[in-house]
Amino acid sequence: MTDTSASSPPPTIAVDRLWKVFGPKAGKIVGTPLADLSRVELRAKTGCLAAVRDVSFEVRQGEVFVVMGLSGSGKSTLVRCLTRLIEPTSGEVHINGEPVRAMSPKRLRELRRHGVAMVFQHFGLLPHRQVVDNIAYGLEIQGMSKTDRHRRAAEVLSLVGLDGHEHQYPDQLSGGMQQRVGLARALATDPAVLLFDEPFSALDPLIRRDMQAEVRRLHAEVGKTLVFITHDLAEALSLGDRIAVMRDGALVQVGTPEELVGAPADDYVADFVREVPRADVLTLRWIVRAAEPGEVLEDQPLPAGTVIRDTVERVLRAAHPIAVFDGDERIGVVDAERLLPALIGHRPPVPA
């Protein structure tokens, strides 16, 4: 038997049954019948708020993992628990295999300085320091020489498109440029993991889209593991390899954008994705049907991972159904009759 375990690297972040309860005697809630109460019932009975409730998930190396939810869903508390900026009530967090809750204060400082960096909505730039010194601040804390940290700052300045602005002060920059400085400061220490807590929600829509594109570009170039917190579905769908949807502190569903749009776990997720143009997200595997015996097919097949919207012209012009292949396996065929309902927003059947 072949051992395939080496082909699957361990997760960069592993969260197991994580709870964060605020309030009097919060540590006595988990593991008792009180933990089963709704958020409203728990607060009424104990005065406690369960901000994060029994959350488990893994983030793979190099993945963009988005945590999405409405205000008050617990997503920002969750991301702060990962590095104990907020101390979890119970549960485990492992980063690169190391248990975060067992770390000494010294080791935890090292993790925050070297292994994990955070980018917040409020940039937290130092107003009396030039851009280059804001970016190099984390390196200064690490004890790096001024020459070396300025050299590294210049590298990440170029990476985020801020060449020529190194000697300006934060109040001389636009909001989008300030956020680029915050991003560069996080990248300067070369962390394995970047945590983003709604970093673009205060920006206007055009700048926000530019910053989303910037994150996608940087991820493609530097390949960091990203955890991105947002309340915006379009942002989540744009950025996430996988998306975790939170409600009242609990995870409702974790899946790819395609899985959330095509097969929402419940009415809550379905409401979130109701207005999403499915043909822009779902691939052909969601609308294929079985080929009929002796059915004539077009000569050139289509890959199963092709987004439905990208096949419209080809399918509608075809005289015959088109075979759809997942690798070397034909999984079915697609024709205009299967395509059109997806284009007008009807929910496709969940693929087998």
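1. The expected span of a helix is 1.5 Å times one less than its number of residues, and helices (H or I, at least four residues) and strands (E, at least two) are DSSP runs, numbered from the N terminus. In this predicted model, local features need pLDDT of at least 70 and side-chain atom pairs count only at pLDDT 80 or more, while totals for chains, interfaces and linings use all residues. Residues are numbered from 1 along each chain as its sequence is written, and side-chain values use heavy atoms, with hydrogens and water left out.

2. Helix 6 (residues 146-159) has 14 residues, and the distance from its first C-alpha to its last is 20 Å, close to the 20 Å expected at 1.5 Å a residue. Arg149, Ala153, Val156 and Leu157 of this helix are buried, where buried means under 20% relative accessible area, exposed over 50% and partly exposed in between, with a 1.4 Å probe and protein chains only. These residues cover an arc of only 110° around the axis, which puts them on the same side of helix 6; the arc is that of the directions from the helix axis to the C-beta atoms. An α-helix has 3.6 residues a turn, so residues three or four places apart point the same way.

3. The cover over the buried residues of helix 6 includes helix 4 (131-135), helix 5 (137-141) and helix 7, contact being defined as heavy atoms within 4.5 Å. Just after helix 6, Gly161 takes a positive phi of about 75°.

4. Six strands form an open sheet in the order 6-7-8-3-9-10, with mixed pairing; two strands pair if DSSP finds at least two bridges between them. Strand 6 (116-120) and strand 10 (250-255) stand at the edges with a single partner strand each, so one side of each is left without a neighbour in the sheet. Neighbouring strands of this sheet are turned by 15° against each other on average, direction ignored; axes are lines fitted to C-alpha atoms, for helices over the stretch in contact, and angles run from 0 to 180 degrees between N-to-C directions.

5. Strand 3 (residues 64-68) pairs in the parallel sense with strand 9 (residues 242-247) over four bridges, and Val67 has Ala244 of strand 9 as its bridge partner. Strand 3 also pairs with strand 8 in the parallel sense, over five bridges, and there Val64 has Leu226 as its bridge partner.

6. Which residues of strand 8 are buried on its two faces? Thr225, Val227 and Ile229 are buried on one side, and Leu226, Phe228 and Thr230 on the other, so that six of the six residues of strand 8 (residues 225-230) are buried.

7. Strand 7 and strand 8 pair in the parallel sense over five bridges, with Val227 of strand 8 as the bridge partner of Leu195. The chain crosses from strand 7 through helix 8 (residues 205-222) to strand 8, and this β-α-β crossover is right-handed; that is, with the strands pointing away from the viewer, the path from the first strand over the helix to the second runs clockwise.

8. Helix 7 (residues 175-188) lies across strand 6 and strand 7, running at about 170° to strand 6.

9. For the protein as a whole, there are 13 helices and 13 strands, and 45% of the 352 residues count as buried. Among contacts between residues at least 6 apart in sequence, 66% join residues at least 24 apart.
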